[in-house]
Amino acid sequence: MANVKNLKKDINFVLGDIIEAVYLYEISTTGKPTEATNAIIDEAIKTFDSLISQVNAKNVENKKTHFKQIHTDLEIAANQLVGKINEL
């Protein structure tokens, strides 16, 4: 159970930091949200919801590989979101 708890924390911290980076970008440039920054935040929230629902799935045959895949999905999604922030 501790691994599930840590995975949920990782998801929360990583995507929370990405959203915070978007807010910092907004403050340092325009001072207000833009359509591009809102889209990145919305995508981060959708990713969070998706990953948490995968973590909470009960009908999983091999839990170890399931949680490894979730962790891999988190890394991929985080890298894509950071890439979008860097393009701004």
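**Core, salt bridge and helix packing**

In the largest nonpolar core, which has 18 residues, I11, L15, I18, V55, I70 and L81 touch the most other members. Such a core is a set of buried Ala, Val, Leu, Ile, Met, Phe, Trp, Tyr and Cys residues joined through side-chain atoms within 4.5 Å. The model is predicted: local features need pLDDT of at least 70, side-chain atom pairs count only at pLDDT 80 or more, and totals for chains, interfaces and linings use all residues. Residues are numbered from 1 along each chain as its sequence is written, and side-chain values use heavy atoms, with hydrogens and water left out.

- At least two core residues come from each of α1 (2-28), α2 (35-55) and α3 (63-87), helices being DSSP runs of H or I with at least four residues, numbered from the N terminus.
- α1 gives the largest share, seven residues.

**Salt bridge**
- There is one salt bridge (a side-chain nitrogen of Lys or Arg within 4 Å of a carboxyl oxygen of Asp or Glu).
- E43 pairs with K84, and their closest N and O atoms are 2.5 Å apart.
- Because E43 lies in α2 and K84 in α3, the pair ties together parts 41 residues apart in sequence.
- E43 is partly exposed at 26% relative accessibility, and K84 is partly exposed at 33% (buried is under 20% relative accessible area, exposed over 50%, partly exposed in between, with a 1.4 Å probe and protein chains only).

**α2 against α3**
- The axes of α2 and α3 come within 11 Å and cross at roughly 180 degrees (lines fitted to C-alpha atoms over the stretch in contact, with angles from 0 to 180 degrees between N-to-C directions).
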